Amino acid sequence: MAKYALFFTLKGETVAHAMEHPSDRTAAVGRAAEAAGGKLEAYYWMLGDRDGFVIVDMPDSTAAAAVSLAVGSTGAFDHLATHELFDATEVNELLAKAKGIKAQYSPP
């Protein structure tokens, strides 16, 4: 399975609702990942320009996109971005593939 990071920023009204009605968001996010055949690996809140991110293992990019669309459709987020993650052991393979493509590419 591939890993994906979903970065999010909640709307103000979403935060206000959460303060009044706390809930286990880890469980909710885990259920969403499982519904698409995946698994929640981590769920973090953070400081900075985003409120947090989750890391999920998903069967493929279609499943990751489906979760992102489903969650985004709730209207609870100002920002939601999904990024596929590559393990450091995959970098050399990616670089070799890029080198082969670069040899075939001519810039405009």
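This report describes strands, a helix, selected residues and a pocket in a predicted model.

The model is predicted, with local features requiring pLDDT of at least 70 and side-chain atom pairs counted only at pLDDT 80 or more, while totals for chains, interfaces and linings use all residues. Residues are numbered from 1 along each chain as its sequence is written, and side-chain values use heavy atoms, with hydrogens and water left out.

**Strands 2 and 3**

Helices (H or I, at least four residues) and strands (E, at least two) are DSSP runs, numbered from the N terminus. Strand 2 (residues 39-45) and strand 3 (residues 52-58) run antiparallel and are joined by 6 bridges; two strands pair if DSSP finds at least two bridges between them. Y44 has F53 of strand 3 as its bridge partner. The hairpin formed by strand 2 and strand 3 has 6 residues between the strands, and G48 there adopts a positive phi near 125°.

Two residues of strand 3 are examined here, D57 and G52. The table also includes S61, which lies in helix 3. The classes are buried (under 20% relative accessible area), exposed (over 50%) and partly exposed (in between), with a 1.4 Å probe and protein chains only.

| Residue | Relative accessible area | Class |
|---|---|---|
| D57 | 17% | buried |
| G52 | 0% | buried |
| S61 | 45% | partly exposed |

Contact means heavy atoms within 4.5 Å. Residues up to four places away in sequence not being counted, D57 touches M1, A2, K3, G38, K39 and E41. With K3, D57 also makes a side-chain to side-chain polar contact at 2.7 Å. A polar contact is a pair of N or O atoms within 3.5 Å; within protein, one must be able to donate a hydrogen and the other to accept it, and residues adjacent in sequence count only if both atoms are side-chain atoms.

G52, with neighbours within four places in sequence left aside, is in contact with L6, F7, F8, Y44, W45 and M46. The C-alpha atoms of G52 and L10 are separated by 8.9 Å, although these residues are 42 residues apart along the chain. For S61 and M1, the C-alpha separation is 9.9 Å at 60 residues apart in sequence.

A side-chain oxygen of D24 comes to within 3.2 Å of the backbone nitrogen of T26 at the start of helix 2. Within helix 2, A28, G30 and A33 are buried, and the buried residues of this helix pack against strand 2, strand 3 and helix 3. G37 follows helix 2 and has a positive phi, near 85°.

The structure holds 6 aromatic pairs, and F8, Y43, W45 and F77 are linked into a cluster by ring pairs. Rings of Phe, Tyr and Trp (its six-membered ring) pair if their centres lie within 6.5 Å; planes under 30 degrees apart count as stacked, over 60 as edge-to-face and the rest as tilted.

**Largest pocket**

The volume of the largest pocket is about 590 Å³. Its lining comprises 25 residues, of which R25, V29, Y43, V71 and F77 are the closest to its centre. A pocket is an open set of points on a 1 Å grid over the protein atoms alone, where a 1.4 Å probe fits, with protein on both sides within 12 Å along at least five of seven lines; lining residues have an atom within 4 Å of a point. Grid points are joined across faces, edges and corners, and the volume is the space filled by probe spheres set on the points. Helix 2 supplies the largest share of the lining, 5 residues.
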